[in-house]
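Keep the sequence and the structure in view while reading.

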Amino acid sequence: MPNEPVDLFFERLVEGEPISRRAALRRMAAAGLVVGSAGSLLAACGVEGTKNTDAPAGTAAVNHPKTAIGTVTFSNWPLYIDKETKPGWEKLTGGKLKYTEDYNDNEEFFAKVRQELEADRPIGRDLVAPTDWMAARWIDLGYAEPIDKKNVPNAANLQDSLKSPPYDKDRSYTLPWQSGITGIGYNPKKTGGKLSSVNDLFDPKFKGRVSMFSEWRDTAGLVLLGMGKNPTTASKQDYLDAISKIDEENRKGQIRRFTGNDYTKDLAAGNLWACVAWSGDLVQLKADNPDLEFLVPQEGGMSWSDNMLMPKNAKEYYGAETFMNYVYDPAVAAKIAAFVNYFCPVKGVKEILAASDPELADNVLIFPDAATLGNLNPYPSLGNAAEREITAEMQKVTGA
Amino acid sequence: MSEAGAPAAAGGGRPARRRRRAMLPALFVAPGLAWLILFYAIPVASQLWVSLQTGNPDDGFTQTWNWNVYPDALGEYDEQLVRSVGYAASATLLCFVIAFPLAYFIAVKAGRFRNLFLLLIILPFFTSLIVRTVAWQTLLTDDGWVVDTLKSVGLLSDDGRLLATRTAVIAGITYNFLPFMALPLYASLERLDRRLVEAATDLYASRWTAFRKVTLPLAAPGIFAGTLLTFIPAIGDYINAQLLGTSRQYMIGNVIQSQYIVVRDYPVAAALSFIVMICVLIILAFAVRLIGTRQLSEAAVA
């Protein structure tokens, strides 16, 4: 056989020597695979929509019995927890927390798990952290599992202002992880003085040193405030107008980049002088570079929450609920707030921090006063079709 | 089945054997063909199929044979398409200008350090593309030493910058694709028979003429391979534009990515992918013709 000419060897193969049953089975399986995949190919004539056509499960009947807890997987945004809080929950419940920081961008994460959700399969996570509008999409499409509130008694500590967002009126599916303000981050040394208005971003002196988020809800929302409109009640056309203003400025070269969370690097490095920014990032950046400032513009800022949400078909509903309950304990929430520096959705944290870290407790970006809160606007709710159209317009400006 | 088949085949005699011999070429081609069908033809066909659908991501897309998506997508994104070809061509040219002397030096002059230099070319590949590009972000910051130096030499105006400009994007592509140009060039220059160059100079060719008439044509396969290996992936690249550029430098890859992931308009995304593929095929066909005929004429001269 080793010295057999190649063509003879292949000939023998074609002739068919006795083959083992195992090999025959393997061949048959391979053939079946081909037929099977051809079948699914034919079935996939159209691209299926993401909308779950099954009737959404009632939230009243939700019951997640207490069971032994295995590994709870939480996909959260980067740098968004004090990891010291993890062993506390593990000791308390006997479960294991797999905390991953792979939630970098709402759309990107959704695109990653969409097909599993659509096919009604588990996505390998027990908790995710979508921002309000994305949480609304998950709930709307039937991808969220309702929370069994019996397992989360600490949810009563939720701040009143966050208790009934339009997309989840009685918080049946979501609990805020952290909330924040979208305003302007800047370096007064570079800009040559304090800024006060959204429209300062369009000051020609700062040409090429300004960045904005590529996500329209924050960016166009702020620009609308600068145009004297209320971004929460603004119409689709208002948003499109704001986007064409952004487009105009971008074409002039005013705007250096459209970014996601990565603007922090450019701001810290001095590449950016002023930018649309999130409050918690600036509290953290300020710790390293005291020159940086966060501004809630005189016209107002945007407010938002990232929410804990259990995807359908997760393995550990009960485990995830005990974790939500754990982080809504004010003592634990205080630790996270002290590390993360966004504003904390849990009542009673300020009092705890006042004792341990009075400077943080007085920070209006972590514990906004009534005046600041009154000047903040939640995202609009314009419906899927209109929001898709705005997204497409914004992408033409920012993502090409 | 085989037990029963074997004696029958053995008794089949010569005609059956000849038939089987006739099947041999098909057998050799089969794995390659299966590969092409599975990983090229089916995906391309499915892209074409999806591109002609209409609908929205929530309710789904249905097949409507909407051919208008092609003129529409081309009209909307012609700017990015032209830019992609322009950036990829500039970067390929730069790669060639940098890589040729480099490859020549390693192949001809490096002696026992040859392997070390080759390793140095490949070494960056041990780090991820993203990490390498992010490193450039740090190097090219507005207040960094690179920009400061260029300013003091007068190559950049005082309010000039490198990041978020076209220069940075093209430089990034050049940097990231350099090995794809350098290695094929090295391979063909290393094989080059030095005695041919010697013979040319013996016959009173100047060093430049010898280079032009002997070295360069003999390196043509390497130049060809390097150009294709650099140019084709560079057209579809979007990491460099994303990290070192702005939306004013975005390439067609950025558009496709945003259409698939953010806008979720799959037909437009699929149509653009298909258009890019067609563009690449056309360019490839031209290149083959061009290089092919040139080599032919050279053979005729010789």
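Does Asp102(A) count as buried, partly exposed or exposed? Asp102(A) counts as partly exposed, at 23% relative accessibility. The model is a predicted one. The points below start with the salt bridge that Asp102(A) forms and then turn to the interface of chain B and chain A.

**Salt bridges within chain A**

- Side chains of opposite charge can pair when their charged atoms come close.
- Asp102(A) pairs with Arg125(A) in a salt bridge whose closest N and O atoms are 2.6 Å apart.
- Arg125(A) sits in the loop between α4 (106-118) and β4 (127-128) of chain A, and Asp102(A) in the loop between β3 (96-100) and α4, so this pair ties together parts 23 residues apart in sequence.
- Arg125(A) is buried, because its relative accessible area of 16% is under 20%.
- Glu107(A) and Arg137(A) form a salt bridge at 3.3 Å, N to O.
- Glu107(A) belongs to helix α4 of chain A and Arg137(A) to helix α5 (residues 132-140) of chain A, so the pair ties together parts 30 residues apart in sequence.
- Both Glu107(A) and Arg137(A) are buried.
- Lys396(A) and Glu393(A) meet in a salt bridge at 3.4 Å, N to O.
- Helix α16 (residues 384-398) of chain A holds both Lys396(A) and Glu393(A), 3 residues apart, about one turn of the helix.
- Lys396(A) is partly exposed, with a relative accessible area of 33%, and Glu393(A) is partly exposed at 32%.
- Asp160(A), Lys163(A) and Lys347(A) are joined into one network by salt bridges that share partners.

**Size of the interface**

- In chain B, 48 residues are in contact with 50 residues of chain A.
- About 4100 Å² is buried between the two chains, with carbon and sulfur atoms giving 51% of that area.
- Asp58(B), Arg248(B) and Arg264(B) supply 15% of the area that chain B buries against chain A, more than any other three residues.

**Polar and charged links across the interface**

- There are 5 salt bridges across the interface of chain B and chain A.
- Lys396(A) also forms a salt bridge with Glu76(B), with the closest N and O atoms 3.7 Å apart.
- Between chain B and chain A, 15 residue pairs are in polar contact.
- α2 (13-51) of chain B gives the most to the side that touches chain A, with 10 residues.
- The residues on that side of chain B comprise 21 nonpolar, 15 polar and 12 charged.

**Strands across the interface**

- Strand β1 (residues 47-48) of chain A and β2(B) run antiparallel and are joined by 2 bridges.
- Phe61(B) in β2(B) stands opposite Val47(A).

Methods. Residues numbered from 1 in each chain as written. Chains lettered and ligands numbered in written order. Predicted model: local features only at pLDDT ≥ 70, side-chain atom pairs only at ≥ 80, totals over all residues. Heavy atoms only, no water. Contact = heavy atoms within 4.5 Å. Buried area = accessible area lost by both parts, 1.4 Å probe. Salt bridge = Lys/Arg side-chain N within 4 Å of Asp/Glu carboxyl O. Polar contact = N/O pair within 3.5 Å; in protein donor to acceptor, adjacent residues only side chain to side chain. Helix = DSSP H or I, 4+ residues; strand = E, 2+ residues; numbered from the N terminus. Nonpolar A, V, L, I, M, F, W, Y, C, P; charged D, E, K, R; others polar. Pairing = 2+ DSSP bridges. Buried < 20%, exposed > 50% of the residue type's maximum accessible area, 1.4 Å probe, protein only.
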